[in-house]
Amino acid sequence: MPHDRNGPQSGSAIPLELLRTPPPRERADAARNRAAILDAAAGLFTEHGVDTVSMDQVAAAAGVGKGTLFRRFGDKAGLAAALLDARERELQEAILQGPPPLGPGAPAAERLAAFADAYLDYLLEHLPLVRMSETAAPGARYRIGAYRFWHRHLAILLAGTPDPDHTAHALLASVAAEHITALLPELGEQRIRSGVTHLWRQTIA
């Protein structure tokens with residue numbers, strides 16, 4: 001049976017450090033265009049909401065051609081993912097090199113709870129953007145490079161449980177942006193945080 005490339009990919013054999021989101025490498029003029037586009041997009045998304053802003057509006061606000069915008073980012077989901085890159089790298093560095101319990105040096109259960117809390121900080125601050133990047137196309141969430149990092153981190157912490165790879169995917173499903181968006185009006189942030197932390201801790205209790 002063909003492998004489902006729209007589904008989760010574990011990356012379980014790859015060292016966590018190699019799954020970090022790399023900073024973009026580009027010429028100075030390309031970097032200026034990128035910065036102008038991201039600044040324009042961030043301003044428009046903040047003012048009008050992610051769902052209502054068009055790529056044409058972003059191009060006009062950034063002072064670049066539509067072709068440049070589409071070649072660089074592909075679609076609005078690619079633009080959303082680019083806006084999230086810096087924040088993802090910060091969280092990844094904190095996991096790899098920051099102080100415990102989010103960083104190395106704490107028991108697995110404490111690191112798991114710390115990551116749940118830190119990930120929800122990131123997710124709730126940027127929920128419309130994360131939702132856009134995860135739902136633009138079938139399986140989009142699993143093709144985002146950061147997803148493989150989050151999954152690998154959890155699988156390492158879950159070592160010794162019956163199926164770390166599957167459990168890591170299941171835990172990440174509980175913080176999918178579409179899922180959290182649907183639950184937030186009914187449950188509120190504190191109940192979501194408490195529920196996610198309890199669920200994640202139970203996996204290695």
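1. Just after α2, G63 adopts a positive phi of about 75 degrees. The model is predicted, and the points below should be read with that in mind.

2. Helix α2 covers residues 55–62, and its buried residues are M55, V58, A59 and A62. Viewed down the axis of α2, these buried residues fall within an arc of 100 degrees, so they line one face of the helix. Their packing partners are α1, α3 (66–73) and α4 (76–97).

3. The largest nonpolar core contains 56 residues. Those with the most contacts inside this core are L79, L91, F115, L123, W150, L154 and W200. Helix α5 (residues 108–125) supplies the largest share of the core, nine residues. As background, nonpolar side chains in soluble globular proteins tend to be buried together.

4. F115 is listed among the core residues with the most contacts. Leaving aside neighbours within four places in sequence, F115 is in contact with L91, I95, L102, W150, H153, L154 and W200.

5. The second largest pocket has a volume of about 150 Å³. Its lining consists of A42, F45, T46, V50, L83, E125, H126, P128 and L129. The elements giving two or more residues to this lining are α1 (28–48) and α6 (127–135). The largest share, three residues, comes from α1.

6. By class, the lining of the second largest pocket has six nonpolar, two polar and one charged residues.

Notes: Residues numbered from 1 in each chain as written. Predicted model: local features only at pLDDT ≥ 70, side-chain atom pairs only at ≥ 80, totals over all residues. Heavy atoms only, no water. 1 Å grid on protein atoms, 1.4 Å probe; cavity = no way out; pocket = protein on both sides within 12 Å on 5 of 7 lines; lining within 4 Å. Points joined across faces, edges and corners; volume = space filled by probe spheres on them. Helix = DSSP H or I, 4+ residues; strand = E, 2+ residues; numbered from the N terminus. Nonpolar A, V, L, I, M, F, W, Y, C, P; charged D, E, K, R; others polar. Buried < 20%, exposed > 50% of the residue type's maximum accessible area, 1.4 Å probe, protein only. Arc of directions from axis to C-beta. Contact = heavy atoms within 4.5 Å. Core = buried A, V, L, I, M, F, W, Y, C linked by side-chain atoms within 4.5 Å.
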